Amino acid sequence: MQGVLIGAVTVTVVLLAVLLAALFLRCVLRRNRAELAQVKDSEIRFRLAMKHSSIGMALLSPRGEWQAVNHALCDLAGYDEAGLLSTSFQDISHPDDLLKSRGMLADLLSGDITGYSLEQRFITRRGDDLWVRLSVSAVRVEGQVSYLIAQVENIHAAKLSEQALQESRHRLQMALEVGGVGIWQYSPQSDVLFWDERMYELYGVQPGAPGDGTLQIWRDQVHPDDYTDINAAFQRVIAGEEDLDTEFRTLRPGGEIRHIRVRAETVVRSDGAETLVVGTNWDVTAEKGMQQSLAHEKERLRVTLTSIADGVVATDEIGRVTFMNPVAESLTGWREAEAEGLPVGDILMLSDDNATMPIPNPISVALSGGDVCFLREGSMLQSRDGSRYEIQDSAAPLKSADGQVTGAVMVFRDVTSRRAMQKKLRYHATHDALTGLTNRREFENTLQESLDEPGGEHSMLCFIDLDRFKVVNDTAGHVAGDALLRECARVIGRQVREGDVVARLGGDEFGLLLRHCPAQRAIQIAERLIGALGDIRFAWKESLYDIGASAGLVQLDANVITVEEAMSRADVACYAAKHRGRNQVSVYTPDDSEASRRHLELQMAAGLRESLESNRFLLYAQEIRPIDASTEPSHYEVLLRLRDRNGDILNPGSFIPAAERYQMMPHIDRWVLTQLLVTLSDELAALPQLNIAINLSATSLDDPTFMPFLESLLSKTSLSPERLTFEITETTVVNQLSSASDLLGRIREQGCKVALDDFGSGFSSFSYLKHFPVDFIKIDGSFVRNLLHSSVDRTIVESINEVAHRLGVKTVAEYVEEHALIGVLEEAGVDFVQGYAIGRPQPLSALFEQQHRGVGSPDGAEVVARSR
């Protein structure tokens, strides 16, 4: 029985425990449900508050996903609600700001902090950066973060102001961090002063400081220089005479001076028992700094606008003048005081360059369109006194923060002189300075336009070449030649029709484009023109000169595609006219044999430049052997060859005539010099007994830039000047005695030698040799070839050799084709022989190889580089 009783008690206790546990669990569940309901109810109320808040607010998941956003945040980010919810917090955060935000978020989620606030940049829907202040706190349920609450405040304008005013940014930022407005209240009856916390911060004192609760604490902080005025104003407020709205300075305990803005008014309590003075204070030190900076900036702007060379006119939103700087006053003729308030159109009177009609004022355009506006070129400003200036300008609208146009500014300058100079430069760029005719470049541009015109096949191109101009230029001098060219230009201009284009192409060559002119009519014009030039009797000093001209015509039909082709055909036709006896007119025909030969020559000349650029020229060497090997070493002449596009080697006779006629020889001479003195200089320097002589063309002697070019190479090459000899033909010396003598004299001053080539071909040589010192004479091959069979040629060779030796000059006999000639030349006393009987030309590289092996002339060699 006792055991049954104990068992029953045990069961009862167990049942009671179970019942109590169930009751406890039910209470816990009920409490949790109540807490959840309370949280849910709080969340509903928060969402309603967030929806109507003017500050951007959002609910986010712990991972940064938007759960809810309000309209203020959508407007701030530039999204609609659906668009913003489709992104995440990370998507609209600037990448440079995410790291700091993530770190603080991690501390918040871990419970190390209860919330955080920071400044960061959002990226709006338009892609703009927007500075915001972000405040984030966490809502926890059962200790776990359920969601995040974010507040977003737009601080972009403050950030921009901070950047624009660096001098004031620090103070302004401090003011923003310290807070906004301090509130105070004073009871005159009880002499009790109440300050909130912000007031203590503004004045830099602690609650409980001496005088706290009375006006004394305020009086102690006011700057002594401002106390009298601010205290009098405060007393008037207490008396109810006026409200208070002013500024004063405070002297903080540390000696810092701050500017405080105060507003106050008298308030009567509703019960009428007491009158209170209620006011606000805020720190305007930063604003004062900005005002000073703006004042300084305004002064700098005023000085700048006064000092610059541009005219400046400003207007209000309806185009009335509000400002003019001194330059604008000078150009318009209006004083600022007179013009202020007048329509800008009355001050800036603008027209086109012909003054035929007014043009829209740029300020009016800028005010109406809201965009920057520019005057077209050639716009003129008429001053008040009637003067006219060509101006260049731009006008831009002034806009308020909300984008409204509040005025406009026009900046303009007088470009009359500059535009005149530009026109003059354009004229000089397209016209020949000597004759005033169109120059070659502009003529070719015009010719191209004619070729591009529909129906251009009715035009004709004419080349005119003066026949005896060189006689005048050489005998009477360049001044006479220039005067003759100007006279010919006037004659040609009188013979052509209106609309035709006359140009000086260079030297004594003229071009004529006969627009829309049938072939027969073009021939008549050309013949009349040739006749008029033939009638010129050019008088210079005591001499009278007759000249003539030859003309070549080519029809610009469908077979002429390019300017080069048209010019080439006209040149061929002109050459054919000269070939037929001068004072002739020739029309280009493709089947003309002379024209074909001339055309081939032109094509060869056109290819020479490309050959130079492609480095297809080659240097060969031919031995020149001393007759008495015991007294003289052998030397070599370097000859020029050309490898064509097919790989064939061309002799000089196939390209040198074209190069000479079309002024390519100076370029070829420079290529030869560069190869020998730069590219191959190290190889030549390695052969110390190998001397170099370089043949110069006649055109190089006339080139004023050639000698500086040569001197530059000589200063850089590893070869000494004593190892260099420069050759020039006798014909060149005779025709260009002055220039040749000067240039070769300068070459000898450098330490180089000089040689005369083809000597004896003119037989005027003996008269100038004594005035033209040289080191070598090469006897013309025409006297050497028939030396075995002609006693006359033998006498000539002996005479040349004797004269040369008497002058201390060594001689070389060219074109020695037979071994038997060597003995005859030895008897005549000639020093060197050259020709196939001695050796044929070989690549210069092969000569170098032989010299290094010690083959050939072991005692050294002299190399004569020739471009002919």
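## Basis of the model

The model is predicted: local features need pLDDT of at least 70, side-chain atom pairs count only at pLDDT 80 or more, and totals for chains, interfaces and linings use all residues. Residues are numbered from 1 along each chain as its sequence is written, and side-chain values use heavy atoms, with hydrogens and water left out.

## The five-stranded sheet

An open sheet is built from five strands in the order E7-E6-E10-E9-E8, with antiparallel pairing. Strand E7 (192-195) and strand E8 (244-251) each have a single partner strand and stand at the edges, so one side of each is left without a neighbour in the sheet. On average, neighbouring strands of this sheet are turned by 25 degrees against each other, direction ignored. Helices (H or I, at least four residues) and strands (E, at least two) are DSSP runs numbered from the N terminus; two strands pair if DSSP finds at least two bridges between them.

Within the sheet, strand E6 (residues 182-187) pairs with strand E10 (residues 275-283) in the antiparallel sense over five bridges. Ile183 stands opposite Thr280 in E10.

## Helices across the sheet

Helix H10 (residues 224-238) lies across E6, E8, strand E9 (257-268) and E10, and runs at about 145 degrees to E8. Helix H11 (residues 285-307) lies across E8, E9 and E10, at about 120 degrees to E9. Contact means heavy atoms within 4.5 Å. Axes are lines fitted to C-alpha atoms, for helices over the stretch in contact, and angles run from 0 to 180 degrees between N-to-C directions.

## Salt bridges

A salt bridge is a side-chain nitrogen of Lys or Arg within 4 Å of a carboxyl oxygen of Asp or Glu; by this rule the count comes to 38. Asp245, Glu247, Arg261, Arg263 and Lys288 are linked in a network of such bridges.

Glu119 and Arg133 form a salt bridge through their side chains (3.3 Å, N to O). Glu119 lies in strand E3 (residues 115-123) and Arg133 in strand E4 (residues 129-141), so the pair ties together parts that are 14 residues apart in sequence. Glu119 is partly exposed, with a relative accessible area of 26% (buried means under 20%, exposed over 50%, partly exposed in between; 1.4 Å probe, protein chains only). A salt bridge also joins the side chains of Glu711 and Arg746 (3.1 Å, N to O). This pair links distant parts of the chain, with Glu711 in helix H27 (residues 706-716) and Arg746 in helix H29 (residues 737-749), 35 residues apart.
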